[in-house]
Amino acid sequence: MTFNTTLDSIKTYEAGKPIELVVREYGIAPDQIVKLASNENPFGCSPKVKEAVRSIIDNMALYPDDSMLKLKTALAAKYGIDPKELVIGAGSDQVIEFAVHAKAHPGAKVLMNSVTFAMYEIYAKQVGAQIVRTASRVHDMDEFYALYTEHKPQIIFLCTPNNPTGDAIDADAMLSFIGKIDSDTLVIVDGAYMEYARFKNPAKAVEPRDLIARFDNVLFLGTFSKAYGLGGMRVGYGISRAPIIEALYKVRPPFNITTLSLEAASVALEDEAFVTECIADNFREMKRYEAFAAHKGIDIIESYTNFVTLSLPEEKNSSKIAQELLKKGMIVRDLSSYGLNAIRVTVGTAAQNDRFFELTNSLL
Ligand SMILES: *Cc1c(COP(=O)(O)O)cnc(C)c1O
């Protein structure tokens, strides 16, 4: 069978390996496996969320509230915006899909960092857009601006903090960059890890409210999958001016968020103390990775997220190291598909991190 030839150049997204696969392939018991591959919150979500989801478990026959009133009201209050400035997606991934499909034409250019979240390219290629990438590994706003003037892209992706490198853009530099972009170019600021950046250094964080107050061409993305510990519930959101949100709604399928997920995300916002505690723990534990890397002479990019990226010396092949770890029940992310000889490791609980140091001590 032949397919839409626009899809020919797409490489299917490679997700972090699930625990179930390691159980099947290596015969390791599930409780012996540590997954530090997908930047999930190792403490899970607030106990209040679990209670709330249990209490509505009998409500599965009816379609969800497609206006998503409860979640939108809670998010609008948190960010000081209007509910009309919000769209909810099955993960912020889905909001990226909406945005690319709503904005980019075949042949349009989409500008992004050399090393960044893999889904930008996949969605852009689905609509026949062309990818333009910077040369630098970390976001350099001058380089972005030069490529913007050369290529006039329809969409610019700024992933800050960036996955999979962990670096974050200075808020001032980003705001002055966006101020120079014409209003028909959509600037997507992916803040999947913004809660971590805001905690570590406010100069590396932007508030969605400020972005949309200043600019009519910015879409901010947030997610419940990382700091809020709800990766399995698939809830993310976009914040932008109403005309952009209205365009995104034209490509949204109805009932894209389940009743349980809507409830989980709404209640998660009521327990910010839980999230803040998890983030504080994350940066305490991250210091141990920094010390480990220094001890081993391994390069580490300063991280504003819940993961660290370890750039390995040439003689240590990242794919081999990841494979060795997998056999021992430790799942990390090999970054060779991004053109890096590096592994990305999610900061886990103290016990999970202990295990990582123990297993890698002889390998790295
Ligand atoms: C995890 C992640 C997302 C999206 O995650 P969802 O689970 O789809 O909300 C988006 N962008 C980046 C950079 C991420 O790391």
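Guide: Let us begin with the ligand, where a nitrogen atom is 2.6 Å from an N or O atom in the side chain of Asp190. Such a pair is a polar contact, that is, two N or O atoms within 3.5 Å; within protein, one must be able to donate a hydrogen and the other to accept it, and residues adjacent in sequence count only if both atoms are side-chain atoms. An oxygen atom of the ligand also lies 2.6 Å from a polar side-chain atom of Ser225. For Arg234, a side-chain N or O atom is 2.7 Å from an oxygen atom of the ligand. Of the 380 Å² of accessible area that the ligand has on its own, the protein covers 94%; accessible areas come from the Shrake-Rupley method with a 1.4 Å probe, and for residues only the protein chains shown count as cover. The ligand is surrounded by 13 residues, and the closest are Asp190, Thr223, Ser225, Lys226 and Arg234. A residue counts as near when one of its heavy atoms lies within 4 Å of the molecule.

Before going further, please note that this is a predicted model, in which local features need pLDDT of at least 70 and side-chain atom pairs count only at pLDDT 80 or more, while totals for chains, interfaces and linings use all residues. Residues are numbered from 1 along each chain as its sequence is written, and side-chain values use heavy atoms, with hydrogens and water left out.

We turn next to the pockets. On a 1 Å grid over the protein atoms alone, a pocket is an open set of points with protein on both sides within 12 Å along at least five of seven lines, a cavity is a set where a 1.4 Å probe fits but cannot get out, and lining residues have an atom within 4 Å of a point. Grid points are joined across faces, edges and corners, and a volume is the space filled by probe spheres set on the points.

The largest pocket holds about 580 Å³ of space. It is lined by 30 residues, with Tyr13, Ser38, Asp93, Lys226 and Arg234 closest to its centre. Helix H4 (92-103) and helix H5 (119-126) are the elements that give two or more residues to this lining, and H4 gives the most, with three. Helices (H or I, at least four residues) and strands (E, at least two) are DSSP runs, numbered from the N terminus. Domain 1 (5-45 + 273-360) and domain 2 (47-268) each supply at least three residues to the lining of the largest pocket; the domain bounds come from an automatic or database domain assignment.

The second largest pocket has a volume of about 350 Å³. Among its 17 lining residues, Lys11, Ala118, Glu121, Ser337 and Tyr338 lie nearest its centre. Here H5 gives the most, with three residues, and domain 1 and domain 2 again each provide at least three.

Finally, there is one cavity of 30 Å³ or more, and about 60 Å³ of space lies in the largest cavity. Its lining includes Glu40, Phe43, Tyr196 and Cys278. Helix H12 (residues 272-296) contributes the largest share of that lining, four residues.
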